[in-house]
Amino acid sequence: MKEVLVVDDSPSMRQLVSTTLGQAGFKVTLAEDGEAALQIAQKNQFKLVVTDVNMPRMDGLTLVEKLRGLPAFKFTPILVLTTEVDPAKKTRAKTAGATGWLVKPFDPQKLLGTISRVLR
Amino acid sequence: MDFDQIAAAVRESFQAEAVDLLDTMEAKLLELEQGDADEEVVHALFRAAHSIKGGSGTCGLTAVANFTHVVETLLDEMREQRLKATPELISLFLKSVDCLRGMLSAAESGVDFDAAEVAAVQQLLEAELPQAESGSPEPEQPARPRSDGNLWKVVFKPQREFLHRGNNPLLMFHELAELGSLAVLVSVEDLPAFEELTPEDLYLWWTLELTSDCAQQDIEEVFAWVEDDCELTIEQIESTAEEAAVSATAESSGPRPPAAASKPTNPKQTGSIRVSIDKVDALINMVGELVITQSMLGAFDDYSYEDFDAQTVDRIRESITQLAQNTRELQEGVMRIRMLPISVVFQRFPRLVHDLSGQLGKKFELVLEGEQTELDKTVLEQVSEPLVHLVRNSLDHGLEAPEARLAKGKPETGTLTLSAFHRSGNAVIEIRDDGAGLNTEKIRNKAIAQGLVGEKDSLSEDEIHALIFRPGFSTADQVSDVSGRGVGMDVVVRKIKALSGDVSIKSVEGKGTTVRIHLPLTMAILDGQLIRIGDRIFILPLLSIVESLQVNHSNVSVVANAAEVYRLRNEPKPIVRLHDVLGLDSSRADLSDALLVVVENGGDQVCLVVDELLAQQQVVVKSLEANYRRVEGLAGATILGDGTVALILDVPRVVAAARQGSPRFFPPANNQAELGETQTAAAS
């Protein structure tokens with residue numbers, strides 16, 4: 001069972017990602033912002049984390065940083081969903097510890113393809 | 001896996017989400033305008049626009065995404081302090097919100113939106129950008145030379161900490177292998193001795209040979225995330241003739257915009273509803289209780305006739321009582337699901353007031369009270385328009401211009417209060433202004449001119465005020481764009497009455513006006529008092545009953561126009577002989593032993609003469625209009641436990657009619673066919 005944590009403050013985005021991943025055989029847990037995600041992460045294990053960047057309370061990059069601080073998440077692939085591709089944002093994501101990114105809007109196929117780059 | 005199905009479902013939920021996001025943006029923009037230049041407000045605005053852009057793009061609403069991109073960019077500039085929030089800019093943002101609402105609603109109903117208007121607003125937005133930035137949020141795929149069946153040599157030397165961000169070189173090679181055929185050669189020359197080996201570090205590097213007709217870019221793309229964390233060389237060993245292929249910008253198709261204008265829609269009559277989880281949990285509990293009761297009763301299923309004794313019967317009775325309780329709770333619980341807080345409707349008003357303030361050149365302050373008061377969803381949807389009209393009326397006619405207010409010694413800024421609360425089983429909405437109040441004289445004169453009242457008629461001030469609810473009535477000297485077309489007030493009344501509600505008005509000239517709307521909390525179920533009139537059973541809504549009493553003949557008196565009045569605790573209340581009203585045989589000539597039921601509606605009380613008070617029970621209201629036709633004086637019908645039909649009396653109508661004189665809804669006895677017909681129709 002491949003457990004995935006999906007974090008996004010947009011309900012429709014959560015629905016899209018969770019439906020796509022669910023149908024592909026992943027077991028999806030949803031969180032609506034960084035703080036909620038962090039709490040879930042402290043009590044559960046995941047093979048993959050997919051998170052939006054712009055969220056209230058705790059943004060995606062801060063979440064990535066904090067996750068990397070948890071022993072269980074040291075090497076977990078973390079993908080950030082972003083609408084920008086400029087180099088500065090890429091660098092910031094990587095510095096925070098993100099494995100990679102996916103540019104929004106994406107179609108569900110692309111999501112699965114990108115995930116296959118980090119998860120079997 | 002059907003992506004179309006996923007897309008359609010996501011589109012629907014995005015539409016609902018977008019409505020909320022746009023409302024949030026509007027609210028925050030208004031906050032910004034009040035001078036709350038809080039950083040958090042701008043951030044919230046940016047996040048909302050960002051979400052709309054992302055979501056709309058994902059749904060294939062490209063035009064929306066493109067437009068929102070410009071808005072988002074401007075907001076980004078604002079939050080990075082590179083752009084200031086001027087009133088003009090805020091107005092422009094508000095206009096953008098309107099555009100987006102129009103575009104989204106057009107997309108939902110499948111019509112086209114006004115592209116010209118959207119383009120115009122977009123241009124204005126783009127003009128505000130520090131450097132001109134042209135729209136498309138999608139990265140263009142430039143022309144790239146394609147080659148056939150090349151051999152690529154890729155040397156991939158990752159840094160030691162490569163694995164630390166969760167990257168997996170092997171999976172990247174798998175991805176590369178999808179481009180063609182791949183040969184992988186690993187180098188272990190940098191591996192240290194076992195004791196020095198840290199499993200989290202990567203000491204390997206690879207040489208990869210890929211035979212593919214892909215472009216160099218495709219290979220680079222596989223390593224896009226890690227380009228800074230490794231040494232990567234990509235060489236093409238052989239190459240065949242190049243084809244220059246231009247790949248067009250990939251864009252999912254959005255709505256094609258011709259010039260058709262879209263109509264602005266009012267509060268969405270969506271087919272879905274948001275329910276708080278507490279309500280759902282409560283329901284789950286109630287169903288649990290119901291299941292317990294059911295199994296209690298189910299136990300008796302196994303009993304044979306001999307097993308039934310007095311004790312068993314008592315136990316069954318208990319269970320049945322329990323069942324009644326469970327059912328009632330469940331019923332109320334489910335009803336509550338359809339209830340939404342009135343804030344859903346109230347939240348339109350800050351924007352409306354803001355716009356009108358500008359338009360009319362007056363100053364208002366809007367106060368909202370009781371926003372959490374809950375009403376049935378359908379009622380809310382229907383009451384929104386009348387409220388808008390009443391508010392516009394208030395602002396247009398009620399509240400005076402700043403100078404006039406100052407001259408009267410009032411504060412320059414007028415106050416409009418929208419208040420909602422529950423009272424005796426009804427929801428009450430009040431629209432209170434501290435404006436000029438109703439001009440009684442003017443109304444009276446207008447009414448006389450229109451022939452609604454005679455010159456000699458004496459009416460109380462309240463009665464004169466109530467005249468403004470009559471069709472066609474308007475004392476506005478000229479029809480202003482905002483209101484006063486004379487078709488408004490009676491439409492308001494009609495809509496409220498259609499909801500089984502009532503409207504009343506109280507005003508003090510010079511001080512202000514209060515319009516009060518009473519609405520039932522739910523239209524489908526009624527707590528009813530069964531009464532007997534003649535040989536028929538009717539129903540009065542329990543909540544409208546104040547008390548019932550035996551007539552004390554000395555308290556009955558006859559007033560001017562032969563109307564009977566009852567002195568109840570020193571206050572005269574009109575007496576209504578329901579037999580007359582309903583055209584039924586009077587079973588009594590005088591009132592000596594009569595039963596009076598005192599009913600209340602909107603502050604006015606009336607005494608109804610009935611023959612007998614029967615049981616109280618919950619009834620399911622069936623619409624007469626839907627099954628037969630609208631009948632004046634009746635609010636619906638229901639089927640009693642024994643299968644007979646009982647008609648439900650329209651208390652507000654009866655009370656209102658009684659106040660104006662003796663009401664008679666049905667022609668007298670010889671046309672009882674009408675009543676019987678109504679009953680038969682209701683039973684079918």
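In helix H6 of chain B, which spans residues 169-177, the buried residues are Pro169(B), Leu171(B), Met172(B), Phe173(B), Glu175(B) and Leu176(B). The model is predicted. The N-terminal end of H6(B) is capped by Asn168(B). A side-chain oxygen of Asn168(B) lies 3.1 Å from the backbone nitrogen of Leu170(B).

Chain B as a whole holds 20 helices and 24 strands. Of its 684 residues, 42% are buried. Contacts in chain B with a separation of 6 or more were also examined. Residues 24 or more positions apart account for 70% of them. The accessible surface of chain B comes to about 34900 Å². Carbon and sulfur atoms hold 50% of that surface.

Two further residues of chain B illustrate buried positions. Phe538(B) belongs to strand S15, residues 536-541. Phe538(B) counts as buried because its relative accessibility is 1%, and the cut-off for burial is under 20%. The C-alpha atoms of Phe538(B) and Leu634(B) are separated by 9.8 Å, although the two residues are 96 residues apart along the chain. Glu77(B) is part of helix H3, residues 62-79. Glu77(B) is likewise buried, with a relative accessible area of 9%. Beyond its neighbours within four places in sequence, Glu77(B) contacts Arg82(B), Leu83(B) and Pro130(B).

Chain A has 120 residues, and 56% of them are buried. Chain A contains 5 helices and 5 strands. Along the sequence these elements follow the pattern β-α-β-α-β-α-β-α-β-α. Among contacts in chain A with a separation of 6 or more, 61% join residues 24 or more positions apart. The accessible surface of chain A is about 4900 Å², and 52% of it belongs to carbon and sulfur atoms.

The two chains meet in an interface. The size of an interface is often given as the accessible area lost when the parts come together. Chain A and chain B bury about 3400 Å² between them. Of this area, 56% lies on carbon and sulfur atoms. In chain A, the residues that lose the most area to chain B are Phe75(A), Lys94(A) and Arg117(A). Together they supply 24% of what that side buries. The contact takes 40 residues from chain A and 39 residues from chain B.

Polar contacts also join the chains. There are 14 residue pairs in polar contact between chain A and chain B, counting pairs with both residues at pLDDT 80 or more. Four elements of chain A each supply at least two residues of the side that touches chain B: helix H1 (11-23), helix H4 (87-96), strand S5 (100-103) and helix H5 (108-115). H1(A) gives the most, with 8 residues. By class, this side of chain A has 16 nonpolar, 15 polar and 9 charged residues.

Side chains of opposite charge can pair when their charged atoms come close. Between chain A and chain B, the count is 4 salt bridges. One of them links Lys94(A) with Asp228(B), with the closest N and O atoms 3.1 Å apart. A search of the whole structure finds 38 salt bridges over all chains. Glu200(B) and Lys74(A) form a salt bridge at 3.4 Å, N to O. Glu200(B) sits in the loop between S3 and S4 of chain B, and Lys74(A) in the loop between helix H3 (60-69) and strand S4 (78-82) of chain A, so this pair joins two chains. Glu200(B) is partly exposed, at 34% relative accessible area. Lys74(A) is also partly exposed, at 36%.

Other salt bridges lie within chain B. Glu31(B) pairs with Lys28(B), the closest N and O atoms being 3.8 Å apart. The two are 3 residues apart in helix H1 (residues 3-33) of chain B, so about one helical turn separates them. Glu31(B) is partly exposed, at 29%, and Lys28(B) is partly exposed, at 23%. Glu381(B) pairs with Lys377(B), with the closest N and O atoms 3.0 Å apart. Both lie in helix H12 (residues 377-398) of chain B, 4 residues apart, about one turn of the helix. Both Glu381(B) and Lys377(B) are buried. A network of salt bridges links Asp23(B), Glu26(B), Asp98(B), Arg101(B), Arg351(B) and Asp355(B).

Conventions: Residues numbered from 1 in each chain as written. Chains lettered and ligands numbered in written order. Heavy atoms only, no water. Contact = heavy atoms within 4.5 Å. Buried area = accessible area lost by both parts, 1.4 Å probe. Salt bridge = Lys/Arg side-chain N within 4 Å of Asp/Glu carboxyl O. Polar contact = N/O pair within 3.5 Å; in protein donor to acceptor, adjacent residues only side chain to side chain. Nonpolar A, V, L, I, M, F, W, Y, C, P; charged D, E, K, R; others polar. Buried < 20%, exposed > 50% of the residue type's maximum accessible area, 1.4 Å probe, protein only. Areas by Shrake-Rupley, 256 points an atom, 1.4 Å probe, with all protein chains shown as cover.
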